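Good morning, and thank you for joining this group meeting. Please keep the sequence and the model in view while I speak.

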Amino acid sequence: MKSTLRFLSIIFMLLVSTAKAQWEPGVAIGGSGYMGEMNSRNPFKFTDLAGGIHLRYNFSDFFAFRGSLMIGKIQGNDSTSNFTFNKERNLSFTSSIEELGTQLEFNFFRYQPGSKDYRFTPYVFTGFNIFRFNPKATYQGKEYELQKLGTEGQGTTLNKEGKYSLVNFSIPYGVGIKYNFLDNYTFNIEAGYRSTATDYLDDVGGTYVDKVLLAQKNGSVAALLSDRSGELNDGVYSGVPQTQRGDLKKKDNYMFATIGISYTFVRVRCPGISNFRKIQKLK
C-alpha cells in the first residue's frame with residue numbers, strides 16, 4: 001500500500017511540475033489600416049486607432065494558443081492618392097472592423113513566463129478570424145451605408161451578384177516580440193495582416209453600371225455615390241458603364257499594429273523529485 005501511494009505521489013508531482021498551464025489575459029492598442037482599391041501600394045499605411053483584448057494559453061515553451069477580440073477602423077480616399085486614375089475616380093469610404101479570432105503562435109526561442117532565463121522571444125502567428133465591416137461614405141454632410149445602396153447594381157438586374165455580406169472571414173498572419181519583464185507581466189509588440197474573402201471592404205470591386213438605370217432601381221443616392229468623378233470635373237463623369245471601377249485584385253486586406261501587456265498566471269512551482277525522496281528518507 002505504501003509503495004503504491006509513493007508511486008502515485010511521484011506521478012502526481014511529475015505531472016504538476018511539468019504542467020504548462022499558463023493563462024494570459026491581456027489588452028492591446030495601436031493602429032489599423034487596409035489595402036484595397038484606395039490603397040494598393042502601401043502596406044504600412046495605418047490610418048486609425050485600434051484596440052482589443054486577448055486570452056493566451058501557453059501550452060508549451062514554443063507554442064501558444066490565443067483567442068482575441070479586436071476593434072478598429074479603416075478608411076480610404078481617392079483624393080489623396082498619387083495616381084491619376086484614383087484622383088479622377090474620387091471615391092472614399094470609412095468602415096469599422098470588429099474581429100473575433102483564434103491564433104496559433106510559434107516562439108523562435110524557448111519562452112517561459114516567470115523564468116529568469118527564457119523571458120524574451122520573437123514569434124510568428126496565424127489563425128482564423130470572423131469579422132464584421134460596414135463601408136460608409138459622406139455626401140453633402142450626411143453619412144450613407146454603401147452596402148445597402150448597391151452602388152454597383154448589386155441586388156438588381158444590372159449585376160448578377162447579390163449584395164455582399166457584411167460578415168466575412170480572414171486569415172491572419174504576422175510577427176511580434178514578447179518580453180516577460182516581471183514574473184507575471186509580459187510586454188509585446190505585434191504587426192499582422194488579414195487576408196480576407198471579400199473585395200468590398202471599400203465598397204469597390206467590380207464595374208460601373210448605368211447611373212440612370214441604377215437611380216431607377218436603387219435610388220438617386222446610389223447613383224450619385226457610384227461615380228463621384230463629376231464632382232471634380234464640372235459634372236462630367238468618367239464612369240462609363242461596364243468599365244473597371246475597382247482594380248484587378250480580387251480581395252482586400254486589413255491590418256493591425258499594436259503594443260500590449262498581459263498578465264500571466266504562472267504555473268505552480270512544486271518541490272522536485274529529489275526533495276520528495278529526501279522527505280521520504282527522513283520518515
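This is a predicted model: local features need pLDDT of at least 70, side-chain atom pairs count only at pLDDT 80 or more; totals for chains, interfaces and linings use all residues.

The side chain of Ser81 reaches the backbone nitrogen of Phe83 at 3.0 Å. That is a polar contact, meaning a pair of N or O atoms within 3.5 Å; within protein, one must be able to donate a hydrogen and the other to accept it, and residues adjacent in sequence count only if both atoms are side-chain atoms. Residues are numbered from 1 along each chain as its sequence is written, and side-chain values use heavy atoms, with hydrogens and water left out.

Ser81 lies in the loop between strand E3 (63–77) and helix H2 (84–89). Helices (H or I, at least four residues) and strands (E, at least two) are DSSP runs, numbered from the N terminus. Is Ser81 buried or exposed? Its relative accessibility is 12%, so Ser81 counts as buried; the term means under 20% relative accessible area, with exposed over 50% and partly exposed in between, for a 1.4 Å probe and protein chains only. Leaving aside residues up to four places away in sequence, Ser81 touches Asn86 and Lys87, where contact means heavy atoms within 4.5 Å.

Let us follow strand E3 into its sheet partners. Strand E2 (residues 46–58) runs antiparallel to E3, and eight bridges join them; two strands pair if DSSP finds at least two bridges between them. A hairpin of four residues connects E2 to E3, and Gly52 stands opposite Met70 in E3. E3 also pairs with E4 in the antiparallel sense, over 15 bridges. There, Ile71 stands opposite Glu98 in E4.

I turn now to the aromatic rings. Rings of Phe, Tyr and Trp (its six-membered ring) pair if their centres lie within 6.5 Å; planes under 30 degrees apart count as stacked, over 60 as edge-to-face and the rest as tilted. The count by this rule is 17 aromatic pairs. Why is the pair of Phe63 and Phe106 called tilted? Their ring centres are 5.3 Å apart and their planes lie at 55°, so the pair is tilted. This pair links distant parts of the chain, since Phe63 is in strand E3 and Phe106 in strand E4 (residues 92–107), 43 residues apart. Phe63 is partly exposed at 33% relative accessibility, and Phe106 is partly exposed at 31%. Both belong to a cluster linked by ring pairs, together with Trp23, Tyr57, Phe59 and Phe108.

Elsewhere, Ala257 is found in strand E10 (residues 253–263). With a relative accessible area of 25%, Ala257 is partly exposed. Ala257 and Leu49 are 208 residues apart in sequence, yet 9.6 Å apart in space, C-alpha to C-alpha. Among the residues that Ala257 touches, not counting those up to four places away in sequence, are Ile29, Phe46 and Glu190.

Finally, the protein as a whole. It has six helices and ten strands, and buried residues make up 42% of its 283 residues. Of the contacts between residues at least 6 apart in sequence, 73% join residues at least 24 apart. Thank you for your attention.
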